[in-house]
Amino acid sequence: MSEGRRVLVRVPATSANLGPGFDTLGLALSVYDELVVTERGEDGLEIEVTGEGAADVPRDDSHLVVRAMAHAYASVGRALPGVHLQSRNVIPHGRGMGSSGAAVVSGLLAAKGLLAGDVEIGPDALLRLATELEGHPDNVAPALFGGLTIAWMDETGPQHKQLIVHRGVAPLVLVPEFTMSTKVARSLQPLQVPREDAVFNVSRSALLIAALTQSPELLMAATEDKLHQSYRAQAMPETDRLVRALRAEGFAAVVSGAGPSVLVLADGPGRRLEAAELAASLVDTPWEALMLAVDVRGGTVKEYSEGST
């Protein structure tokens with residue numbers, strides 16, 4: 001069997017919402033899924049998966065990466081060729097770290113790489129295609145572009161603005177063994193909220209941009225939320241207890257995405273270590289402490305050769 005072009009894709013985990021920035025703010029984090037995609041000399045799919053979710057993800061065209069590739073190819077009037085997909089998953093599944101968004105972005109970037117020289121899929125098209133598949137841009141924007149992103153929709157489709165995070169911000173993600181369905185989490189929120197709660201979150205979201213880019217000492221106040229976390233707490237009481245306990249000790253802790261992981265935005269590596277130690281002493285169920293950096297590159301794709309990293 002002959003082989004065609006081969007590409008290597010690398011996409012970061014993300015944490016969305018960041019407290020008050022519901023469906024708007026997202027942060028790229030230094031945990032990565034990697035994918036090698038090779039054009040086959042014949043039709044059909046070959047899918048190999050190792051790492052997170054390897055026992056559960058499908059091995060056919062319902063695989064989210066393959067669906068994203070097919071969506072990209074269709075958008076430019078091309079048929080998806082036969083492909084061999086090798087996926088190494090590191091981003092935890094169902095934990096609020098953007099695993100589905102990363103899969104979507106991985107598939108789109110793989111398609112972009114394989115189509116290079118035939119048709120070009122630019123950044124705006126990638127964000128549009130990713131949002132069509134994911135439903136909202138808050139996770140896929142940082143996965144594509146890195147850093148802190150503000151995402152919004154207008155009459156032309158999804159838009160984003162990437163910002164550089166202050167070097168004093170030290171992210172910590174506390175990951176439990178249990179999972180949470182994003183669909184279930186979203187179903188717990190009311191369709192309407194009190195006006196004062198909406199105003200509260202507008203003020204905190206604006207403050208959060210300043211805290212993350214200029215003034216990390218403001219992170220505690222900036223990460224307060226009244227729109228979504230309290231409504232979702234009933235579905236993940238362990239997460240709620242941990243967030244409340246950390247905040248009571250002065251740590252800017254929030255639910256990561258739809259949960260159940262907890263994101264701590266510490267104002268320095270020393271404070272981050274203190275938060276991890278406190279969390280370990282507070283809970284009687286295991287939570288993995290991931291001390292991460294903010295990813296500034298976002299998803300990447302390049303020609304693959306043996307030894308590529």
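Trainee: Which residue is the bridge partner of Leu174 in β10?
Mentor: Ala289. Keep in mind that this is a predicted model.

Trainee: How many bridges join β7 and β10 there?
Mentor: Five. Strand β7 covers residues 170-176, and its pairing with β10 is antiparallel.

Trainee: What is the strand order in the sheet?
Mentor: The order is β8-β9-β7-β10. This is an open sheet of four strands, with antiparallel pairing.

Trainee: Which ones are the edge strands?
Mentor: β8, residues 253-255, and β10, residues 287-291. Each of these pairs on one side only. On average, neighbouring strands of the sheet are turned by 25° against each other, direction ignored.

Trainee: Which helix packs on the sheet?
Mentor: Helix α10, residues 269-282. α10 touches β7, β9 and β10. Its direction makes about 15° with that of β7.

Trainee: New topic. How many aromatic pairs does the structure hold?
Mentor: One. The partners are Phe178 and Trp287.

Trainee: Why is that pair edge-to-face?
Mentor: The ring planes stand at 90°, so the pair counts as edge-to-face. The ring centres are 5.8 Å apart.

Trainee: Where do the two residues sit in the chain?
Mentor: Phe178 is in the loop between β7 and α5, while Trp287 is in strand β10.

Trainee: Is Trp287 buried or exposed?
Mentor: Buried, with a relative accessible area of 14%. Phe178 is partly exposed, at 25%.

Trainee: Last one. Which charged end sits over the ring of Tyr32?
Mentor: That of Arg10, 3.7 Å from the ring centre. Also, the charged end of Lys226 sits over the ring of Phe200, 4.5 Å from its centre.

Methods
Residues are numbered from 1 along each chain as its sequence is written. This is a predicted model: local features need pLDDT of at least 70, side-chain atom pairs count only at pLDDT 80 or more; totals for chains, interfaces and linings use all residues. Side-chain values use heavy atoms; hydrogens and water are left out. Two strands pair if DSSP finds at least two bridges between them. Axes are lines fitted to C-alpha atoms, for helices over the stretch in contact, and angles run from 0 to 180 degrees between N-to-C directions. Contact means heavy atoms within 4.5 Å. Rings of Phe, Tyr and Trp (its six-membered ring) pair if their centres lie within 6.5 Å; planes under 30 degrees apart count as stacked, over 60 as edge-to-face and the rest as tilted. Buried means under 20% relative accessible area, exposed over 50%, partly exposed in between (1.4 Å probe, protein chains only). A charge sits over a ring if NZ of Lys or CZ of Arg is within 6 Å of the ring centre and within 35 degrees of the ring normal.
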